[in-house]
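Open the structure in your viewer and keep the selection panel at hand. Each stop below says what to select and what is there.

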Amino acid sequence: MWVFVPMNDDQLLRYSRHILLPEIGVEGQEAILAARVLVVGAGGLGSPAAMYLAAAGVGTLVLCDGDTVDLTNLQRQILHSAEGVGRLKVESGRDTLLRLNPFARVETVAERLEGDALEAQVAAADVVLDCSDNFATRHAINRACVRHRKPLVSGAAIRFDGQVSVFDLRQAESPCYHCLFPEGQEVEEIRCAVMGVFAPLTGIIGATQAAEALKLLIGCGTTLDGRLLLLDGLGMEWRSVTLGRDPGCGVCAGRGEA
Amino acid sequence: MSIRVVVPGQLFSYTDGQSRLVAEGATLGEVLEDLDRRHPGLRFRVIDEHGEIRPHVRFFINHQPALALSRALADGDELLVVGALSGG
């Protein structure tokens, strides 16, 4: 349950362009300020996602990543800069986020989030953003979100292809990530380090994740729940396809039943 | 039965970098067989040796999920092939 604290004059000014939007207003901005958002991955997607969330006023951002900043990251991972090479990504990221918005509270987890730590972070979050770079983490995050019935904003990008969706696991009819792509032993892991990735693609997808997360927090508009948005960055074409629950899903079958 | 097919970047090595293709077939299975004749090797990337759709691949016909190779298509339908992406 969110606890809303009235905004002071600085905050009213800082967030005035949000407050002017009738879909957000003071009440919506207070919901953003009171929220706790978990961002798993401080790389290509996590960078723009966390930056927009921090700038927009998310009260507590939890940034998780066990990696350090590498020179090859800087082409797209805009949370980090040249002086950050060799530092933990979460520390480099926290510094950037606090420069953007000194009022943000940024908690960091400098490890690959899994097991009890993952469960605890998901349980405490209002919205979870999957900005990770491997299928094992994606499925672990999804399982935790199913268990704790948390909305999951999932993004992925490689080469010129991007995907983004919302799995609003508070809703009985919503599919989970495993309904879309079941976990399999022969899953083909395609990594940016091998295949490359177009820098702005991660910005577009990560910013879309931030937009969906804010809409979920505010409760405005229509989210991507039940839809998968696909971006072909070469043709610059978006496509949207419909997703449904898999009644035989190994993760969420039976969810919502009494 | 002419079907418009859109494939992701993961399959470009089979399609000379083309994302928009055309194929013939009355079912999803037939369309994939025709695609494989035109772009050898493509079908095995999406269908395994047991004839099952690979778990990291999904098909959508006119934006709706197509879960079986027996799914019928009509002339002018659009088949979208989607592969799971893990990059972040």
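Start with the lining of the largest cavity: select β6, β7 and β8 of chain A and β5 (78-83) of chain B, each of which supplies at least two residues to that lining. Helices (H or I, at least four residues) and strands (E, at least two) are DSSP runs, numbered from the N terminus. This is a predicted model, in which local features need pLDDT of at least 70 and side-chain atom pairs count only at pLDDT 80 or more, while totals for chains, interfaces and linings use all residues. Residues are numbered from 1 along each chain as its sequence is written, chains are lettered from A and ligands numbered from 1 in the order in which they are written, and side-chain values use heavy atoms, with hydrogens and water left out.

Which element gives the largest share of this lining? That is β5(B), with four residues. The volume of the largest cavity is about 200 Å³. Now select Asp161(A), Leu230(A), Leu231(A), Asp232(A) and Pro8(B), which are the closest to its centre of the 20 lining residues. Coloured by class, the lining shows 11 nonpolar, five polar and four charged residues. Here Ala, Val, Leu, Ile, Met, Phe, Trp, Tyr, Cys and Pro count as nonpolar, Asp, Glu, Lys and Arg as charged, and the others, Gly among them, as polar. The structure holds three cavities of 30 Å³ or more.

On a 1 Å grid over the protein atoms alone, a cavity is a set of points where a 1.4 Å probe fits but cannot get out; a pocket is an open set with protein on both sides within 12 Å along at least five of seven lines, and lining residues have an atom within 4 Å of a point. Grid points are joined across faces, edges and corners, and a volume is the space filled by probe spheres set on the points.

Next comes the second largest pocket, with a volume of about 360 Å³. Select Cys179(A), Asp246(A), Arg58(B), Pro65(B) and Leu67(B), which lie nearest its centre among 20 lining residues. β3(B) gives the most to this lining, three residues. By class, the pocket lining has 13 nonpolar, three polar and four charged residues.

Now show both chains and their contact (heavy atoms within 4.5 Å). Chain A brings 38 residues to the contact and chain B brings 26. How many salt bridges are there between chain A and chain B? The count is two, a salt bridge being a side-chain nitrogen of Lys or Arg within 4 Å of a carboxyl oxygen of Asp or Glu. Select Glu237(A) and Arg20(B), whose side chains form a salt bridge at 2.5 Å, N to O. On the side of chain A that touches chain B, β8(A) gives the largest share, five residues. That side of chain A has 18 nonpolar, 10 polar and 10 charged residues.

For the last stop, search the whole structure: there are 12 salt bridges over all chains. In one of them, Arg36(A) pairs with Glu107(A), and their closest N and O atoms are 2.9 Å apart. Arg36(A) is in strand β1 (residues 36-40) and Glu107(A) in strand β3 (residues 105-109) of chain A, so the pair links distant parts of the chain, 71 residues apart.
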